[in-house]
Amino acid sequence: MSPIYYVTLSVILFVIGGVGVLVRRNAIVIFMCVELMLNACNLAFVAFASMWGNLHGQVIAFFVMVVAAAEVVVGLAILMAIYRARRSASVDDANLLKY
Amino acid sequence: MTHVLAAGPNADAAAVHIVWWILAIVSGSAAIAMILVRRAVHCAIMLAVVMLCLATMYAMLGAPFLAFVQIIVYTGAVLMLFLFVLMLIGISSSDSIVEKIKGQRQWTGLFAIGLLVLLILGIGHAALGPAVPQGAANGTNNLSEIATLIFTTYVFPFEATGALLITAALGAMVLAHRERTVPRPSQRELAARRLASGQLAPDPSPGVYALHDAADRPALLPDGTTSELSVSTVLSPRDVTESPQFVPAEQRVAITAERVERELAQAGEAET
């Protein structure tokens, strides 16, 4: 099966994730959409690795997973801190820096 | 489906096509549902579906190690972390639908279509060859090949990942830490507070009616009245409490006597 199928699916998932980031207001849901985008990138990496017949793409996808895990940990901690201060998980309520 | 996964890239082409289309439709619709559903928990479930589909695709692409890492790390750990935070923040938290920026949805739709067209065109123009015949790299020793790569070519990024993980753990601890604004109350202060409140004993436990022992039934006080204190406060906003009914003492005695009689009769029947 040609890797173009996988890459196309990854593009579709990436765009859906991007729309989710732009449209949703709940910070946790926005985070999940970012995760969806990262997953889509991973799929492209693995598809290209299979196309070239070597493992570099898979190793990069592995690193992306590690970085995503670290990012989720810090991001959710920030979210908890914001929730503690503002009693809300909505991105519209974190407006202290607004003029 | 299992034999397609087990065979990896060497599976039968027609079977791979069928499995791919099933996975693509499921993951695509789950992703669309993810941005449409209101509840954050449903979002998390949809994301789990997408991640599991992608894990299956990794297995089909000859990346069994990544498939399992995807299931264990992403679906297992990262998504559970999301669910933990959801529980802390409030399971019922849903989006506000007030549009703060005018025409945001329309612009987002335009942006999405533009990006999709751009990326698809870019990929369509690129000359992607067919998957090369899989050598030893993607075969049975996928794991050891990846390990070799990580510890030789990519050893420096790997070390940097370690530093990143430590920094992330420290950052999460710092962010989640809460400074005490008031000193911790001592045991003496707690005792004084309890004395001042007028209630020395713990709250009565619920559900001591003769007919019901459910947690939403209030406890009966010695004088025959019911105690609202005994019912958990989380039950009332969820609308599951039944209005506490007062059962007179003689009726309760009668109910208990009837039950004892019935049980005695059953025991007698069993003996004969």
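Predicted model: local features only at pLDDT ≥ 70, side-chain atom pairs only at ≥ 80, totals over all residues.
Visitor: Which residues in helix 3 of chain A meet residues in helix 6 of chain B?

Guide: On the chain A side they are His56(A), Gln58(A) and Val59(A), and on the chain B side Ile146(B), Leu149(B) and Ile150(B).

Visitor: How do you know whether helix 3 of chain A and helix 6 of chain B are roughly parallel or roughly perpendicular to each other?

Guide: Check the angle: the two helices pack at about 70 degrees, with their axes 10 Å apart. Angles from 65 to 115 degrees count as roughly perpendicular, so that's the word for helix 3 of chain A and helix 6 of chain B.

Visitor: And what makes helix 2 of chain A and helix 3 of chain B roughly parallel to each other?

Guide: Here the axes of helix 2 (residues 27–52) of chain A and helix 3 (residues 40–60) of chain B cross at roughly 5 degrees, coming within 10 Å. The label "roughly parallel" goes to angles under 35 degrees, and therefore this pair gets it. Among the residues making the contact are Ile28(A), Met32(A), Leu36(A) and Leu43(A) from chain A, and Cys43(B), Leu47(B), Met51(B) and Leu54(B) from chain B.

Visitor: What is the length of helix 2 of chain A from its first C-alpha to its last, and what is expected?

Guide: Helix 2 of chain A has 26 residues and reaches 38 Å, close to the 38 Å expected at 1.5 Å a residue. This helix is mostly covered, with 22 of its 26 residues buried. Just after helix 2 of chain A comes Gly53(A), with a positive phi of about 75 degrees.

Visitor: How do you know what helix 4 of chain B should span?

Guide: Helix 4 (residues 64–89) of chain B has 26 residues, so at 1.5 Å each it should span 38 Å; the end C-alpha atoms are 36 Å apart, and that agrees. There's also a kink of about 25 degrees in helix 4 of chain B, centred on Tyr74(B). Tyr74(B) is one of the buried residues of that helix, which also include Leu66(B), Val78(B) and Phe82(B). Their cover includes helix 2 and helix 3 of chain A together with helix 3 of chain B. Just after helix 4 of chain B, Gly90(B) has a positive phi of about 125 degrees.

Visitor: Is Ala168(B) buried or exposed, and how do you know?

Guide: Count the neighbours: Ala168(B) has 20 C-beta neighbours inside 10 Å. Buried takes 20 or more, so Ala168(B) counts as buried. Ala168(B) is in helix 7 (residues 155–176) of chain B, and it touches Ala70(A), Val73(A) and Val74(A), leaving aside residues up to four places away in sequence.

Visitor: What about Glu228(B): buried or exposed?

Guide: Glu228(B) has 12 other C-beta atoms within 10 Å. A residue with 12 or fewer is exposed, so Glu228(B) is exposed. Glu228(B) is in the loop between strand 2 (226–227) and helix 9 (249–271) of chain B. Pro218(B) is 10 residues away along the chain, and the C-alpha atoms of the two are separated by 6.0 Å.

Visitor: And what makes Glu189(B) count as exposed?

Guide: Glu189(B) has 11 C-beta neighbours inside 10 Å, and therefore counts as exposed, given that the limit is 12 or fewer. Glu189(B) is in helix 8 (residues 187–197) of chain B. From Glu189(B) to Gly268(B) it's 79 residues in sequence and 58 Å in space, C-alpha to C-alpha.

Visitor: How many helices and strands does chain B have, and what share of chain B counts as buried?

Guide: Chain B has nine helices and two strands. Of its 272 residues, 18% count as buried.

Notes: Residues numbered from 1 in each chain as written. Chains lettered and ligands numbered in written order. Helix = DSSP H or I, 4+ residues; strand = E, 2+ residues; numbered from the N terminus. Axes fitted to C-alpha atoms, helices over the stretch in contact; angles between N-to-C directions. Parallel < 35°, antiparallel > 145°, perpendicular 65-115°, else oblique. Contact = placed C-beta atoms within 7 Å. Expected span 1.5 Å × (residues − 1). Bend = angle between axes of the 7 residues up to and from the residue.
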